[in-house]
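Hello,

Here is the structure I promised to pass on. Please open it and keep it beside this email as you read.

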Amino acid sequence: MKPFLSIISPVYRAEKIIEDLIFEIKEGIKDITEDFEIILVEDGSPDKSWLIIEEQCHIDSRIKGIKLSRNFGQHYAITAGLDYVQGEWVVVIDCDLQDNPSEIVNLYRKTREGYKIVLARRAIRNDSYYKRMSSKLFYITLSFLTGVRQDPSIANFGIYHKDVIKAIQQMREPFRNFAAIVKWVGFPAATIDVMHSRRAEGKSTYSFKKMIKLAIDTILAYSNKPLYYIIGFGFFVSCLAFISSLVVIIRYFNGSIKVMGYTSLILSNWIIGGLLMMFLGIVGLYTGKIFEGIKNRPIYIVNETKNL
């Protein structure tokens, strides 16, 4: 029996490639099934992406559109799509065609081995040197501070069983990182190497600043390791202070201290003061995330839908 397949793609600044995206997806899944839905989530795009989505929805009822009230971000747009899916298997794919829709059939074949999650590993990335290096730095930092190994060659592109999606739908925390959530829910998972294409149009909207923000938000949402590092460092500084105090006391009773050093005193005050401010800032960030969570605001707001 052929499965019912749902394909989700968050759309932002993609008016020139939406038609190509839909065509490539249909071609990529024709050997799997003819029962499918393509859910395009327009994430507050400033161009005419929603008009193109509306046109495609009128042409084919299997194309479905969700227009968010503003730009919430890629992972929030994915969440919106996941909340509407009906398929037994769900594919998440970017709209820029760097994720090649022709690989969907290979992802699905791998699920036949008993996996409920099959992720696409970009063996060779067709990105700029800056994009590759910033992404690598992002994932190294993320792996270190979350304690979970993050592979920079794996993003959101993959296929997920409905059991995985149901588990993800239950997670309503205000900060969203789809890849991190997938890791957390578990289920039998595998990866396959896929082709990675160049962007069909425009350039990535993930600036270095956005990457840093995403890394900080992910660390705060999914790890408390920074707090443990603060405790460990505080204990280390306390030990040094205790040893230094013993040395000073011994030197005092030996009569070897005549005039205490002004420079060392000022520097130590600045260093300790700066560290305390930094640590208070980290604790404040965690407190801020708690504050955001207790507001219980919706994760996203839908402005309009088509064929749903």
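Below are the main findings on cores, a helix and salt bridges.

This is a predicted model: local features need pLDDT of at least 70, side-chain atom pairs count only at pLDDT 80 or more, and totals for chains, interfaces and linings use all residues. Residues are numbered from 1 along each chain as its sequence is written, and side-chain values use heavy atoms, without hydrogens and water.

Start with the cores. A nonpolar core is a set of buried Ala, Val, Leu, Ile, Met, Phe, Trp, Tyr and Cys residues joined through side-chain atoms within 4.5 Å. Buried means under 20% relative accessible area, exposed over 50%, and partly exposed in between (1.4 Å probe, protein chains only). The largest core has 34 residues, and Leu 5, Ile 7 and Leu 40 touch the most other members. Helix H1 (residues 18-29) gives the largest share, five residues. Helices are DSSP runs (H or I, at least four residues), strands likewise (E, at least two), numbered from the N terminus. Another core, of 30 residues, lies apart and includes Ile 8 and Met 171.

Now look at helix H3 (residues 74-82). Eight of its nine residues are buried, so the rest of the structure largely encloses it.

Last, the salt bridges (a side-chain nitrogen of Lys or Arg within 4 Å of a carboxyl oxygen of Asp or Glu). There are 11 in the whole structure. Asp 60 pairs with Lys 26 at 2.8 Å, N to O. Asp 60 lies in the loop between helix H2 (49-59) and strand S3 (63-68) and Lys 26 in helix H1, so the pair ties together parts 34 residues apart in sequence. Asp 60 is buried, at 10% relative accessibility. Arg 62 also meets Asp 60, at 3.1 Å, N to O.

Best wishes
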